[in-house]
Amino acid sequence: MRAKATLNREYTISSVDKRVYGSFLEHMGRAVYTGIYEPGHENADKDGFRTDVLDMVRDLDMPIVRYPGGNFVSAYRWEDGIGPREERPVRLDLAWRTRETNQVGVNEFADWAKLAGTEMMLAMNLGSRGLDDARNFLEYCNHPGGTYWSDLRSKHGYKEPHNVRIWCLGNEMDGPWQVGHKSAAEYGHLANEVSKAFKYFDKTLETVVCGSSNDKMKTYPEWEATVLEASYDSVDYISLHKYFGNEEQDTLNYYAKAIELDRYIVTIGGVIDYIKAKKRSKRDVKICFDEWNVWYHDRKEDGERIASWDWPEAPPLLEELYNLEDAIFVGSLLNVFIRRSDRVKIACMAQLVNVIAPILTKAGGPAWRQSIYYPLQYASKYGRGTALTVAQSGPTYDCEVAQDVPYLDLSAVLHEDGKSIAVFAINRSLDEPLGLTVDLQGFKGAKIVEHQMLAGDDLKARNSVEDQNRIVPKSGKELTMDDTGTLVGSLPPRSYHFVLLSVASA
Ligand code: AHR
């Protein structure tokens, strides 16, 4: 089998917004408690943040983190998480049927985000609450001083405002499971009013309106049309979510699900254009894909546990163990975000620590990287710049979710200085190597600077606390530059590749 991709310096898609390599931290399971925050842990700093976890987050060069939910936010009172810790109330969290101690709230998250070198994206409760609580939250976070809420923040030890630039108008409001679920018309109206109020406060703030929880919802994509009809002029992004799994234990079919992600983005791009035209608007609403990941390994069992447990505090929940198969697939999803960088400006792998996460911890024990950490890390560190159009040809396969699925999945990003290109390539074949030719038009003197790959015989192999480096990238040797300046070689079956090329203009 052989595939060919052509890249040309002049043929570009869009600049890639670094925020497509973002993540998400929800107050659920052990994401916050014993995830990022564990006072008394041997690696905890003076404020209780785990420095081993912080190091791993910093190594991801994480641009943005969404907080505090998720389903959790739809019944959350942000005021419970501010002020002296000993006075903060313990509350029931209806989303995950757990107890929330509120020992971490928005101020602690701001401290953590600073340490992690990341931007905060805050979600407000538009399920059980509304405009007043949201604008109070904004005033508490962003106003410099001299008002009730901003002075309260100073009293809590945070004189400087947090200056949060981007705000999510609720979470998954299309989902009947959501506390305070609304119809598209009700939600669209509310979201528009809140977004307007936020911009009365500061017209440079950006807001994200909820689109569909997934593309299988009965209301999809009518939900987006109705919500945008009501809010197009005041919002900046529409949020989409989607989780994937190999429930059928059919790897080729699983890998083809990246095409569903692509179709989802294209469809909602069409809805955005439709509403834009209908409103004779000049503004472009962009996509904020603020929850995506693989989530299926223990999903059913977790659902049963939640239904039967008695409001535990920070229990292990959604602690998916990711394998090599998942890491290759996550690489494919990131390729979609790069190739659709004209539409998608923010994307958040859900989530960051312990809960469906690239980083796992043991309470009182170590932290380690899961297999999916690595494609996210390479994309985040090297996938910044301008996405190049990929013209490709090669063998394909048919499966249940799609037809003509290419075995080669490739994206390429030209770095800002024009002197290097990152190529992210996957061979989806389970049993055959894929010969690869990448024609680099408009570039000269290309050299391979680095080639890392994830591959192996056992797709189900994964890292664990005992064997933390079972799945780690290895240097690849299968690709070379030929004397015409073309990248050539062969990708082993079931493999993910990151290739860094240095280039000059032709
Ligand atoms: O990330 C886990 C959950 O998935 C989030 O709380 C919710 O928004 C989504 O359904």
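Is Cys348 buried or exposed? Select Cys348 in this predicted model: its relative accessibility is 0%, so Cys348 counts as buried.

The nearest one belongs to Cys288, 5.5 Å away. A disulfide here requires two cysteine sulfur atoms within 2.5 Å, and Cys348 is in no disulfide. A search of the whole structure likewise finds zero disulfides.

Next, select Cys141. For Cys141 the nearest cysteine sulfur is that of Cys168, at 13 Å, and Cys141 is in no disulfide either. Cys141 also counts as buried, because its relative accessibility is 0% and the cut-off for buried is under 20%.

**Helix 7**

Move to residues 251-278, which form helix 7, and pick out Asn253 within the helix. Asn253 has a relative accessible area of 2% and is therefore buried. Show the residues around Asn253: leaving aside neighbours within four places in sequence, its contacts are Glu248, Cys399, Glu400 and Val401.

**The ligand**

Now select the ligand and display its surroundings. Among the residues around the ligand are Phe24, Glu26, Gly70, Trp96, Asn171, Glu291, Trp295, Gln351 and Ile356.

- Asn71: a polar backbone atom is 2.9 Å from an oxygen atom of the ligand.
- Glu172: an N or O atom in the side chain is 2.8 Å from a ligand oxygen.
- Tyr243: a polar side-chain atom lies 2.8 Å from an oxygen atom of the ligand.

Key. Residues numbered from 1 in each chain as written. Predicted model: local features only at pLDDT ≥ 70, side-chain atom pairs only at ≥ 80, totals over all residues. Heavy atoms only, no water. Helix = DSSP H or I, 4+ residues; strand = E, 2+ residues; numbered from the N terminus. Buried < 20%, exposed > 50% of the residue type's maximum accessible area, 1.4 Å probe, protein only. Contact = heavy atoms within 4.5 Å. Near = heavy atom within 4 Å. Polar contact = N/O pair within 3.5 Å; in protein donor to acceptor, adjacent residues only side chain to side chain.
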